[in-house]
Amino acid sequence: MGGHYHPLTTWEKNPDGDLVGTIELPLAVGLVGGATASHPVAKANVRLLGVKTAQELAEIMASVGLAQNFAALRALATEGIQRGHMSLHARNTAIAAGAVGDEVDKVAEIIAAERKVRVDRAKEVLDELRKKSGG
């Protein structure tokens, strides 16, 4: 918009000290014709959302964009996107290896620390944990 790159979101504190986010998106949204009228998944999503106007749909789309932006900023300000992604990947890998309950965190922590986030290694770690616990 305007021929220059600039943030689409703005975050600030209001007079009450609450965090307020705004987003300005160049969206062309419609509910008549196109995918929202012909694609079964799009139709189901519109029905699920209960939107009646293109304005309502645009507001929901903007809300999702604002939430995603906030999540990205949080990740950058805390553990970082790379580390956060790797810890999530390690958890998913532990689950894929068969870990359940508390095992998921234990296996994920070990394979992430080793930097060996692979299903085969997760299975080995899981087997070792289960042998130690008698399970």
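A salt bridge is taken here as a side-chain nitrogen of Lys or Arg within 4 Å of a carboxyl oxygen of Asp or Glu, and the structure, which is a predicted model, holds six salt bridges. The structure also holds one aromatic pair, formed by the rings of Trp11 and Phe70.

**Aromatic pair**

- The ring centres of Trp11 and Phe70 are 5.1 Å apart and the ring planes stand at 45°, so the pair is classed as tilted.
- Because Trp11 belongs to strand S1 (residues 9-13) and Phe70 to helix H3 (residues 54-77), the pair ties together parts that are 59 residues apart in sequence.
- Trp11 is partly exposed, at a relative accessible area of 27%, and Phe70 is likewise partly exposed, at 38%.

- Strand S1 is joined by five bridges to strand S2 (residues 19-23), and the two strands run antiparallel.
- Within this pairing, Trp11 of the aromatic pair stands opposite Gly21 in S2.
- Five residues lie between S1 and S2 in the hairpin, and Gly17, in the turn, has a positive phi of about 90°.

- Arg91 and Asp105 meet through their side chains in a salt bridge, with an N to O distance of 2.3 Å.
- This pair links distant parts of the chain, with Arg91 in helix H4 (residues 81-96) and Asp105 in helix H5 (residues 102-114), 14 residues apart.
- Both partners count as partly exposed, Arg91 at 35% relative accessibility and Asp105 at 46%.
- A salt bridge also forms between Arg130 and Glu103, whose closest N and O atoms are 2.8 Å apart.
- Since Arg130 lies in helix H6 (residues 119-133) and Glu103 in helix H5, that pair ties together parts that are 27 residues apart in sequence.
- Arg130 is partly exposed, with a relative accessibility of 28%.

- The side chains of Glu124 and Arg121 form a salt bridge at 3.0 Å, N to O.
- Glu124 and Arg121 are separated by about one helical turn, because they are three residues apart in helix H6.
- Arg121 has a relative accessible area of 13% and is therefore buried, the cut-off for that class being under 20%, whereas Glu124 is partly exposed at 39%.
- Arg121 and Glu124 also belong to a network of salt bridges in which they are linked with Glu114 and Glu128.

Key
Residues are numbered from 1 along each chain as its sequence is written. This is a predicted model: local features need pLDDT of at least 70, side-chain atom pairs count only at pLDDT 80 or more; totals for chains, interfaces and linings use all residues. Side-chain values use heavy atoms; hydrogens and water are left out. Rings of Phe, Tyr and Trp (its six-membered ring) pair if their centres lie within 6.5 Å; planes under 30 degrees apart count as stacked, over 60 as edge-to-face and the rest as tilted. Helices (H or I, at least four residues) and strands (E, at least two) are DSSP runs, numbered from the N terminus. Buried means under 20% relative accessible area, exposed over 50%, partly exposed in between (1.4 Å probe, protein chains only). Two strands pair if DSSP finds at least two bridges between them.
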